[in-house]
Amino acid sequence: MRIIAILIFCFTNFTIANAQLKNGKKAGSQNVEREKYFTFNPLALAEPQIAIGAGFGSRFTDRSEFFAEISYLLKQPIYNAQPEGVNLSGYRLIAQYRYHFLQRSRPNSNMGQNVRRRNARHNPFIAVEFRIKSFNYPMEKVLVNYSTFDTLQKMTYQSNNFNIGAALLFGETYDISEHWKIELTVGVGGKERTIRYKKAKAGYEEIRQRRPDSYSPLDIDNPGTSPYFPFAFRLKYLF
């Protein structure tokens, strides 16, 4: 399942990149303002798993923009629900299609025509986000076989946590200087988590923990579906 998800993610990025090239050529002939940029999200250092990485974006038409971010994941020492005293590592991939709201056309007194203001740096936008997140960590816990109800005490194994999700976001960009910007995005979405237990005896898994309700966040060790609320404060450099 995860291999299929990663292939879909890569294929989607490849398709969008080709669309950018085609639309970019058309946009160039129409004198559309375009921009390319790098980003860094400092708030990612305070997430449940520390995410260290960078993003890249391309505004290839007046309204359309593509953004992608890749991060390396590490253990968060201040996150209590995370396993203590273990090494954690993984990755996160984020891809977004952004649609910008342009200002209304206004008459140009010199040419007698309606001209749309193309200020690519101040348009609010909505975005559709897709993300894949995967990380591993060694554990030593009690495992149970729910078919036979047999338990194994203090078994060491490798837990592989794989998440795939999608969200709808709203964002805005604010100027710091000509090249440096601040970008804020906030949204709501859902994610599906699956967990594989490597180096563990076949048929055995961790004791399942019940949530108070189906809408509460999942603990790091529990598979299932849950909501997530992405929020990012990114530093943005245009080039």
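Analyst: Start with the strands. Helices and strands are DSSP runs, numbered from the N terminus; a strand needs at least two residues. The model here is predicted.

User: How many helices and strands are there in the chain?

Analyst: The chain has one helix and 12 strands. Along the sequence the pattern reads α-β-β-β-β-β-β-β-β-β-β-β-β.

User: What share of the residues in the chain is buried?

Analyst: Of the 239 residues, 40% are buried. Buried here means under 20% relative accessible area, and partly exposed lies between that and exposed, which is over 50%.

User: Now the surface. Which residues make the nonpolar surface patch?

Analyst: A patch of this kind joins nonpolar side chains that have over 30% relative accessible area and no salt bridge. In this model F38, F40, L45, I52, F56, I176, W180, L235, Y237 and F239 make a nonpolar surface patch of about 930 Å².

User: Next, salt bridges. What is the idea?

Analyst: Side chains of opposite charge can pair when their charged atoms come close. The cut-off is a side-chain nitrogen of Lys or Arg within 4 Å of a carboxyl oxygen of Asp or Glu. This structure holds 10 salt bridges.

User: How far apart are the closest N and O atoms of E35 and K236?

Analyst: They are 3.8 Å apart, and E35 and K236 form a salt bridge. The pair links distant parts of the chain, with E35 in strand β1 and K236 in strand β12, 201 residues apart. Both E35 and K236 are buried.

User: Which parts of the chain does the pair of R98 and E183 tie together?

Analyst: R98 and E183 form a salt bridge, with the closest N and O atoms 2.7 Å apart. R98 belongs to strand β4 (residues 89-100) and E183 to strand β9, so their pairing ties together parts that are 85 residues apart in sequence.

User: Is R98 buried or exposed?

Analyst: R98 counts as buried because its relative accessibility is 0%. E183 is buried too, with a relative accessible area of 0%.

User: How should I read the salt bridge of D175 and K181?

Analyst: Their side chains meet at 3.0 Å, N to O. D175 has a relative accessible area of 40%, so D175 is partly exposed. K181 has 1%, so K181 is buried.

User: Which residues are linked in a network of salt bridges?

Analyst: The network of salt bridges links E35, E47, E65, E69, R92, R98, E183, R234 and K236.

User: Now the cavities. How many are there of 30 Å³ or more?

Analyst: A cavity is a space where a 1.4 Å probe fits but cannot get out. The count comes to two cavities of 30 Å³ or more. The second largest cavity has a volume of about 30 Å³.

User: Which residues line the second largest cavity?

Analyst: F40, N41, A44, A51, G53, E69 and S71 line the second largest cavity. β2 and β3 (64-75) each supply at least two residues of this lining. By class, the lining has three nonpolar, three polar and one charged residues. One of the lining residues, E69, also belongs to the network of salt bridges.

User: Last, distances along the chain and in space. How far apart in space are Y91 and F162?

Analyst: C-alpha to C-alpha, Y91 and F162 are 9.9 Å apart, while 71 residues separate them in sequence. Y91 is in strand β4. With 28% relative accessibility, Y91 counts as partly exposed.

User: Where does D62 lie?

Analyst: D62 lies in the loop between β2 and β3. Its relative accessible area is 15%, so D62 is buried. The C-alpha atoms of D62 and L102 are separated by 7.8 Å, and the two residues are 40 residues apart along the chain.

User: What separates the C-alpha atoms of L184 and F233?

Analyst: The separation is 4.9 Å, for residues 49 residues apart along the chain. L184 lies in strand β9. L184 counts as partly exposed, at 29% relative accessibility.

How values were computed:
Residues are numbered from 1 along each chain as its sequence is written. This is a predicted model: local features need pLDDT of at least 70, side-chain atom pairs count only at pLDDT 80 or more; totals for chains, interfaces and linings use all residues. Side-chain values use heavy atoms; hydrogens and water are left out. Patches are made of residues with over 30% relative accessible area and no salt bridge: like charges are joined within 9 Å, nonpolar side chains (Val, Leu, Ile, Met, Phe, Trp, Tyr) within 5 Å. Accessible areas come from the Shrake-Rupley method with a 1.4 Å probe; for residues, only the protein chains shown count as cover. On a 1 Å grid over the protein atoms alone, a cavity is a set of points where a 1.4 Å probe fits but cannot get out, and a pocket is an open set with protein on both sides within 12 Å along at least five of seven lines; lining residues have an atom within 4 Å of a point. Grid points are joined across faces, edges and corners, and a volume is the space filled by probe spheres set on the points. Helices (H or I, at least four residues) and strands (E, at least two) are DSSP runs, numbered from the N terminus. Ala, Val, Leu, Ile, Met, Phe, Trp, Tyr, Cys and Pro count as nonpolar, Asp, Glu, Lys and Arg as charged, and the others, Gly among them, as polar. Buried means under 20% relative accessible area, exposed over 50%, partly exposed in between (1.4 Å probe, protein chains only).
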